[in-house]
Amino acid sequence: MKKQILALAFAAVASLAMAQTPQWTGTWATAVEFTGPGDMPKSSLSNRSLREIIHVSLGGETLRMQLSNIHSKEPVEIKSVFIANPTDSCDIDVKSAKYLTFNGKKSVTIQPGEAVYCDVMKYHLTPLQQLSITINYGATTPVNASSHRGSRTTSYIIAGEAKPKTKFVDAEKLDHWYNISCIDVQTEQPTSCVAIIGNSITDGRGSTTNKQNRWTDFFAEALQGKTGVLNLGIGGNAVVYGGLSEPAVKRFDRDILQQTGVTSVVIFEGVNDIGGKRPNHADIVKGLIDAYTSLIQKSKAAGKKVYIATITPFFGNSYYNHFSEAARLTLNDWIRANKDVDGVIDFDKLVQDPANPKALLPKYSDDGLHGSPAAYEAMGKYAAQIVK
């Protein structure tokens, strides 16, 4: 009897220790892309300083950041990186600034095709806050950086090496992120984290620059900063056919399944496949269903919950024709009837115009395809009721 009691006591202590072991969970991420000439700064990044602003979901006291050079053919030399709480536009709270280190050093050179994490660091990150990231580049930077084109926030570039007290006066301004890819935080208790693969609607086309009003921002806010929300949308991206950057079927493992601490996956893509000028929409529908099925199976095999969203209307946009609309309706019927997912996010019914279900509600779009901040607010709050 005493042995049984001791065994139960040891089991309870072990279980408590496991529950209290800190774990890493993603609080922010972006899909890193190859950067064409039109999305590079006017001058090289070499010997210049870049300040970027992001919007996190989870808070924490301990974090790590990943920098990426995966799409570049040359190394990127980084003299130093520091983070701080932003105050206004490119200004920061100097007292909050803290340098990252890499194997104990401020500098790091990231080889082509690689990504690196900084050393684990202490930083008071509050849920849903904005964070400023300043990268000081050395002399060697790629011709084509690894970036994210649709930052929806303004980045600032000045000559020379910036210190926390440096003012970004006469900075070059552009709405792209360079080299940053994700931030993870340590949490004391198991914490849910949702990774979303999508196109420009998820990336935030139609949202307000620097206002953090993508649908995923509203989603994170509706979840009260208690769930990690990782936006891996790419403008112009497709699941299988054409589109910009790597298609979802190619980037899914890296951009979604390899994110830290992901418990749920949201698939919200397909409009660029069916809206492009394709000769056979029946083949497109079959290809998309096969691709969705594969992504669902991969997610389930990795132990993730899976949610899939219906494709929203695009009447009035150049994507619309009889065949593309038929493809959208067929795919949405398949999505709604799918029994292999943990839930369906019916964005189509949420944002369609009741007077014309082929179209978005007028207040929800300016171009018939992308959402407005009002649409994104409705979408984010609605998704928070479904995704667990």
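The following legends describe close-up views of a predicted model.

**View 1. Packing of helix H4 against helix H6.** Helix H4 spans residues 248-257 and helix H6 spans residues 281-301; the two pack at an angle of about 25 degrees, with their axes 11 Å apart. Angles under 35 degrees count as roughly parallel, and H4 and H6 are therefore roughly parallel to each other. Their crossing is right-handed. On the H4 side, the contact is made by Val-249, Phe-252, Asp-253 and Leu-257, and on the H6 side by Ala-291, Leu-295, Lys-298 and Ser-299. Sorted by class, this contact of H4 with H6 comprises 5 nonpolar, 1 polar and 2 charged residues.

**View 2. The largest pocket.** The largest pocket holds about 240 Å³ of space. Its lining consists of 14 residues, and Gln-66, Ser-181, Arg-254, Gln-258 and Gln-259 are those nearest the centre. Helix H4 supplies at least two residues of this lining, as does each of strand E4 (60-68), strand E10 (115-117) and strand E17 (180-187). The lining of the largest pocket is made up of 5 nonpolar, 7 polar and 2 charged residues.

**View 3. The largest cavity.** Across the whole structure, a search finds 3 cavities of 30 Å³ or more. The largest cavity contains about 200 Å³ of space. Of the 18 residues that line the largest cavity, Trp-28, His-55, Arg-214, Asp-217 and Asn-231 lie nearest its centre. Two or more lining residues come from each of strand E1 (23-29), helix H3 (215-222) and strand E19 (228-233). By class, 7 nonpolar, 8 polar and 3 charged residues form the lining of the largest cavity.

**View 4. The second largest cavity.** A volume of about 60 Å³ is found for the second largest cavity. The residues that line the second largest cavity are Ile-201, Thr-312, Val-351, Leu-360, Tyr-364, Leu-369, His-370, Gly-371, Ala-375, Tyr-376 and Met-379. Helix H9, which covers residues 373-386, gives the most to this lining, with 3 residues. The lining of the second largest cavity has 8 nonpolar and 3 polar residues, and no charged residues.

Note on methods:
Residues numbered from 1 in each chain as written. Predicted model: local features only at pLDDT ≥ 70, side-chain atom pairs only at ≥ 80, totals over all residues. Heavy atoms only, no water. Axes fitted to C-alpha atoms, helices over the stretch in contact; angles between N-to-C directions. Helix = DSSP H or I, 4+ residues; strand = E, 2+ residues; numbered from the N terminus. Parallel < 35°, antiparallel > 145°, perpendicular 65-115°, else oblique. Left-handed = near helix turned anticlockwise from the far one by under 90°. Contact = heavy atoms within 4.5 Å. Nonpolar A, V, L, I, M, F, W, Y, C, P; charged D, E, K, R; others polar. 1 Å grid on protein atoms, 1.4 Å probe; cavity = no way out; pocket = protein on both sides within 12 Å on 5 of 7 lines; lining within 4 Å. Points joined across faces, edges and corners; volume = space filled by probe spheres on them.
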